[in-house]
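Visitor: Hi, I have a protein open on my screen. Can you walk me through it?
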Amino acid sequence: FDSNSVIKGDTSVEYWTVEAQHYVIPGKFYVAARYAEAENTSDLIAQTDNTVERLQVAAGYWFNDKTLLKIEYVDQDEGINSGDLRRVRYERNSCR
């Protein structure tokens, strides 16, 4: 392997997503979910275990027009080429 050489080739990725959001309390409290999948279909890599799957589930509460409290769970599986990701995130957004 020569790190100074350049490998030429076409790159491509195929992906799709599905998402939904529903206000349980209109204008105040919502739940949401998103699922996404991507596959690296490039000629430059072996075509085994080259997909990424990501699931996101969230809930949010609007205190007023400028303040949103949101909690989100993310589960991402990147196959053999990368580490997996699992996290819970808390956000408080305030617009001025």
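Guide: Here is a quick tour, and note that this is a predicted model.

Visitor: OK. How many helices and strands are there in the protein?
Guide: The protein has 0 helices and 5 strands. From the N terminus on, the order reads β-β-β-β-β.

Visitor: Which way do β1 and β2 run?
Guide: They run antiparallel. β1 covers residues 13-25 and β2 covers residues 29-40. The two are joined by 12 bridges.

Visitor: Which residue stands opposite H22?
Guide: That is V31, in β2.

Visitor: And what sits between those two strands in the hairpin?
Guide: The hairpin of β1 and β2 has 3 residues between its strands. Look for G27 there, with a positive phi near 75°.

Visitor: Next strand. How many bridges pair β2 with β3?
Guide: There are 11, and the pairing is antiparallel. β3 spans residues 51-64. In this pair, Y35 stands opposite L55 of β3.

Visitor: Where do side chains point in a regular strand?
Guide: As a general rule, they alternate between the two faces of the sheet.

Visitor: New topic. What share of the protein is buried?
Guide: Of its 96 residues, 16% count as buried. Buried here means under 20% relative accessible area.

Visitor: What about the accessible surface?
Guide: The protein's accessible surface is about 7500 Å². Carbon and sulfur atoms account for 53% of that.

Visitor: Last one. How many contacts join residues at least 24 apart?
Guide: The share is 39%, counted among contacts between residues at least 6 apart in sequence.

Methods: Residues are numbered from 1 along each chain as its sequence is written. This is a predicted model: local features need pLDDT of at least 70, side-chain atom pairs count only at pLDDT 80 or more; totals for chains, interfaces and linings use all residues. Side-chain values use heavy atoms; hydrogens and water are left out. Helices (H or I, at least four residues) and strands (E, at least two) are DSSP runs, numbered from the N terminus. Buried means under 20% relative accessible area, exposed over 50%, partly exposed in between (1.4 Å probe, protein chains only). Contact means heavy atoms within 4.5 Å. Accessible areas come from the Shrake-Rupley method with a 1.4 Å probe; for residues, only the protein chains shown count as cover. Two strands pair if DSSP finds at least two bridges between them.
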